[in-house]
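Hi there,

Here is the structure I promised to pass on.

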Amino acid sequence: MDENKNINENINNPEEDAKAENTTAEQEGSANAVEIDNVTETTEPEKKKEKKKKSAAREIFEWVYSIAIAIAVALAIKCFVVEIVKVDGRSMDPTLSDGQRLIVTRLGYKPHNGDIIILDSVYKKREEYFKRENITGINKIIKSFSLPNEYKKKYYVKRVIATEGQTVEITGGEVYVDNVKLVEPYIQGSTYTSEGDYKTTVEEGCVFVMGDNREHSSDSRDPRLGQVPIKSILGKAQLRVFPLSKFGKVK
């Protein structure tokens, strides 16, 4: 009997074994859960940090891209659409005065009689220099950054008196275009030339210009400027924006 008792005591109890296994499994599961939780806690901040870096980089890129586009648009507008220029001198008195600012339209401009334009007074001289030095195409643009001062752009503001094919005659202080006397209430002084009576026909691709201050203007009457190539015209003066007391359309 004692031997049977000892044998039975050495035999494991199935229910107790099952409980022990369950307890062990729960402990292992808890350990695994803790381990998984620990991994989540250490990687989540890193993911957020990485995401934040990418977001900041993208925001910087978008700002740089937007600024680049804005600069490109501004340059395109300046080069091809409109520009603000400053009146320098008295040749357009009383219509325009020294120091006034004008908005000039450029895109698709075609000159008409009576227009007030901005022109490059050195254009012909510069083109002769390019021809003499055999500078062509894109090399003209490159060379323009290192031109001698006498060939650099110098802008005048003048009024178109006649366009290509028209005949200009100046006699007795009056101006005639195609034999029709001009009515010019905007001018100051009388219109004369150093040669006395004057008559010419405007060449193809050119315009004849004069300042409104006729006795103090270097314009197409002066052979140093002469007839103005249309290619040398920056654009038409449309609006006076400064001083504000003189704000309004230019005419």
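A bit of housekeeping: residues are numbered from 1 along each chain as its sequence is written, and side-chain values use heavy atoms, with hydrogens and water left out. This is a predicted model, so to speak of local features we need pLDDT of at least 70, side-chain atom pairs count only at pLDDT 80 or more, and totals for chains, interfaces and linings use all residues.

Let's start with the open spaces. A pocket here is an open set of points on a 1 Å grid over the protein atoms alone, with protein on both sides within 12 Å along at least five of seven lines; lining residues have an atom within 4 Å of a point. Grid points are joined across faces, edges and corners, and a volume is the space filled by probe spheres (1.4 Å probe) set on the points.

The largest pocket holds about 630 Å³ of space. It has 19 lining residues, and Asp 120, Tyr 123, Arg 126, Lys 153 and Tyr 155 are the closest to its centre. Helix H3 (123–132), helix H4 (138–143) and strand E11 (233–242) each give two or more residues to that lining. (Helices are DSSP runs of H or I with at least four residues, strands are runs of E with at least two, and both are numbered from the N terminus.) H3 gives the largest share, four residues.

The second largest pocket comes to about 330 Å³. Of its 17 lining residues, Asp 88, Gly 89, Tyr 155, Tyr 156 and Val 157 lie nearest the centre. Strands E1 (82–86) and E4 (155–163) each give two or more residues, with the largest share, four residues, coming from E4.

So what surrounds E4? Strand E3 (residues 116–120) pairs with E4 in the antiparallel sense over five bridges (two strands pair if DSSP finds at least two), and Ile 117 stands opposite Lys 158 in E4. E4 also pairs with strand E9 (residues 206–210), antiparallel over four bridges; there, Arg 159 has Met 210 in E9 as its bridge partner.

Lastly, there is one cavity (points where a 1.4 Å probe fits but cannot get out) of 30 Å³ or more. The largest cavity has a volume of about 40 Å³, and its lining includes Asp 120, Tyr 123 and Leu 225.

Cheers
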